[in-house]
Amino acid sequence: MAGPADHPVTCPLCEAMCGLRVHTEGNTVTSIRGDRDDVWSRGHLCPKGTVLGHLHDDPDRLREPMVKRANGEHVPVSWDDAYEEAERVLRPVLERHGARALTVYVGNPVAHNVSLSSYIGGLIGMGQAAGMQTYYSPGTVDQWPLNVVGALLFGGMWNAPIPDLDRTDHLVVLGANPAASQGSMLSTPDVMGKIRGISRRGGRVVVIDPRRTRTAQGADEWVPIRPGTDALLLFAILHTLASNGWVRRPQHLQGRVTGLDDAIAMAAPFTPERVAPVCGVTAVSIRRLTAGLAHAGNPVLYSRIGSCTQEFGSLATWLVFVLNTALGAIDRLGGALFPKPAVWSPMFMKPPDQDAPGWQFGRYHSRVQGIPEVFGQFPISVLAEEIDTPGDGQIRAFISVAGNPVISAPGSARLDAALGTIDAMVSVDNWLNETTRHAHVILPGLSPLERFHADDLYWNYATASCVKWSEPVFAPDSGRPAEWEILLRLSGAVLGTPVPDVDVAAMDDLYVGGLVATLCTSPDTPLAGRDAAASFEALRGVGPERLADLGIRLGPWGDDLGRRPGGLTLDDVRDHPNGLRLGELEGDRLDEVLSTPSGTIELVHPHLTADINRLERRIDREADELVLISRRHLRSNNSWLHNVPALMRGRDRCTVLVHPADAARLDLIDGAPAEITTSAGSLTAPVEVSDEMMPGVVCLPHGWGHGVAGTRLATANTHPGSNSNLLNPPELFDVPSNTQVVNGVPCRVTSAVSQDLRPSGR
């Protein structure tokens, strides 16, 4: 047995990308601590980072493929048998109905696994080349409004400035809770330390949220707002800025912005007095909030998931950037800055199917409802009806990759039922969960400690320019394929080769060679105009290592495939196990980052502004008596950390939060069960009476709903909680982005305690 060892790794569980020190004795993790030598995080870590050893050792984690027998039971099989079974169920669908009958679901963990994130594009791209119409992802119940706004205003769907936390003196946060998320599309270590630092140096932090979150508790001011009305409030702030002559037009933005005056004109109907009754924020408070921004030296606004996943999520996200522009904060120190990622990613390029100037949406529509696509996707709730509705183009084959949509998709009861009828389902996943229990074949990947790790996308939202590479802590068992090899095997199968016969090495060359050729023939990429064959031959390694080498070498500090001698390669990064810190946030970068047709920040687009009439009609709509919002917890990560005993200790976290006034009015008892009902369904959850909620709003966490027959999640199943997506109506989504509404859902809450069990006196 090997002796004690110390391994520097990057935590792969969230966007903070913290450096860890994993101490091992033989094949056992003895402790995990923050890595003080990590150039990025300097020793910071959160509770999730300490459980990588638990994830590795989880007895429920699949180490062998699983095949579903006729009696519904999943049994372990060899890899050869698993490939044969995948071929047996997939081939008849593809031959009879073509790839149009196939779709892919890409789960959230894909973004945190370099093996999956590097090669999921191959599965999707080859599927589309064979005729697959669309794929699905949590993006449409997550951050899609930010992608739409980034694409239209700045030119790239993964391109948006982040708040300069170290230099701002006035931060306004909407619909974000970094205390739980550790930062969302804002990557920085110890994000709450940086936010607290704003107040310590004499600045001000304001949190606008229906709930007094942990982030709000540490802010200088909490402003409760009626869910779904962020866009109304932001329009009123813009109106107030303009009417008081407080709009800033700094020199660095002269000639670099189009549409600001048009956006200001669109704010005319949204006076503070008119929107105040709907938002639940008084006109006096709106004017005070505006004055605080206007008179600060370095103001900036930041919004995230809570603002995205509401009725007008795209308009709310858009108005954050309109206001940051009107405050002169874009590309200004202390304002909203564009990070400079050290690693270039193919995700940064405009997809080849977007071949016209600008971005186009609605190029095709969903089969059943006729919903227009956005970035090639439909709302995730559409998936169920596309499976269970007969007709030409019906989805009959389904590949899920590291995802659990039965828990994470609105209208999940229908999806759960639909997956039980599908002709062929293959899952690439490490657990037998609520979704994969329907799979005919489950192909497990490696544990986080058995694979190398690197990040690319999140450096595009990071407060410093760094690059890191983690080697595996443990060697996987002999014969275990990596996830990227599994994805390539499935990609080859979609193109027509039997699953067992796919030449993975040849598919790797085909995929990477095709990607390089596309980069060489596409404008606005680092390889534009280069020779594809020579560029391909310059790369080193295979699989994700080869693609990581490509990204590092094409980055601003890379060797540009040999054209910049002395520049970085993957080998150089590997020589620095604690990472390389190459630069800090800086301003004056618009010439580098804007890729809009005009070369300016294009603030006004019909795709967004067409929704303003719907927003204005919202003002006169009768208010709902009670609405439901979602929440997350620091010790949780959507649905995929509930099987870790160390994170499940303590009190029940799957409760419905209710304000004391609402609890008294509805006769609800703290700790007792209540029934929550929406147009989509009903469920029961224990009540937690708390004044952290604003009146008229109740809150359930997302990611729960375990304890389902056919799953193998011992810890999660003893803490099942309630699946909030049984309550989220599938028909509610933000129109411009196709993002599902999970914040601001009309609901009823009634006591589930029988009268004879109530305490006396009630």
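Student: Which residues does Arg-204 touch, not counting residues up to four places away in sequence?

Tutor: Arg-204 touches Asp-169, His-170, Leu-171, Ile-198, Asp-220 and Glu-221, where contact means heavy atoms within 4.5 Å. Please keep in mind that this is a predicted model, in which local features need pLDDT of at least 70 and side-chain atom pairs count only at pLDDT 80 or more, while totals for chains, interfaces and linings use all residues. Residues are numbered from 1 along each chain as its sequence is written, and side-chain values use heavy atoms, with hydrogens and water left out.

Student: Where is the place of Arg-204, and what is its relative accessibility?

Tutor: Arg-204 is in strand S9, residues 204-208, helices (H or I, at least four residues) and strands (E, at least two) being DSSP runs numbered from the N terminus. Its relative accessibility is 32%, and Arg-204 therefore counts as partly exposed, given that buried means under 20% relative accessible area, exposed over 50%, and partly exposed in between, with a 1.4 Å probe and protein chains only.

Student: Switching to helices: at what angle do the axes of H3 and H17 cross?

Tutor: The axes of H3 (residues 114-130) and H17 (residues 483-494) cross at roughly 5° and come within 9 Å, where axes are lines fitted to C-alpha atoms, for helices over the stretch in contact, and angles run from 0 to 180 degrees between N-to-C directions. That angle makes H3 roughly parallel to H17, since angles under 35 degrees count as roughly parallel, over 145 as roughly antiparallel, 65 to 115 as roughly perpendicular and the rest as oblique.

Student: Which residues in H3 meet which in H17?

Tutor: On the H3 side they are Ser-115, Leu-116, Tyr-119, Ile-120, Gly-122, Leu-123, Met-126, Gly-127 and Ala-130, and these meet Glu-483, Trp-484, Leu-487, Leu-488, Leu-490, Ser-491 and Val-494 in H17. The residues of this contact divide into 11 nonpolar, four polar and one charged, where Ala, Val, Leu, Ile, Met, Phe, Trp, Tyr, Cys and Pro count as nonpolar, Asp, Glu, Lys and Arg as charged, and the others, Gly among them, as polar.

Student: Which phi value does Met-185 have?

Tutor: Phi of Met-185 is near 45°, a positive value in a residue other than glycine. Met-185 sits in the loop between helix H5 (178-181) and helix H6 (191-200), and Met-185 is buried, with a relative accessible area of 8%.

Student: What is phi for Asp-560, and where is Asp-560 found?

Tutor: Asp-560 has a positive phi of about 55° although it is not a glycine, and Asp-560 is found in the loop between helix H20 (543-554) and helix H21 (570-574). With a relative accessible area of 15%, Asp-560 is buried.

Student: Zooming out, how many helices and strands are there in the protein?

Tutor: The secondary structure comes to 26 helices and 28 strands. The radius of gyration is 25 Å, close to the 27 Å that the globule rule gives for 762 residues, so the protein is as compact as a globular protein of that length; the radius is taken over C-alpha atoms, and the rule is 2.2 Å times the number of residues to the power 0.38.

Student: How much of the protein do buried residues make up?

Tutor: Buried residues make up 63% of the 762 residues.
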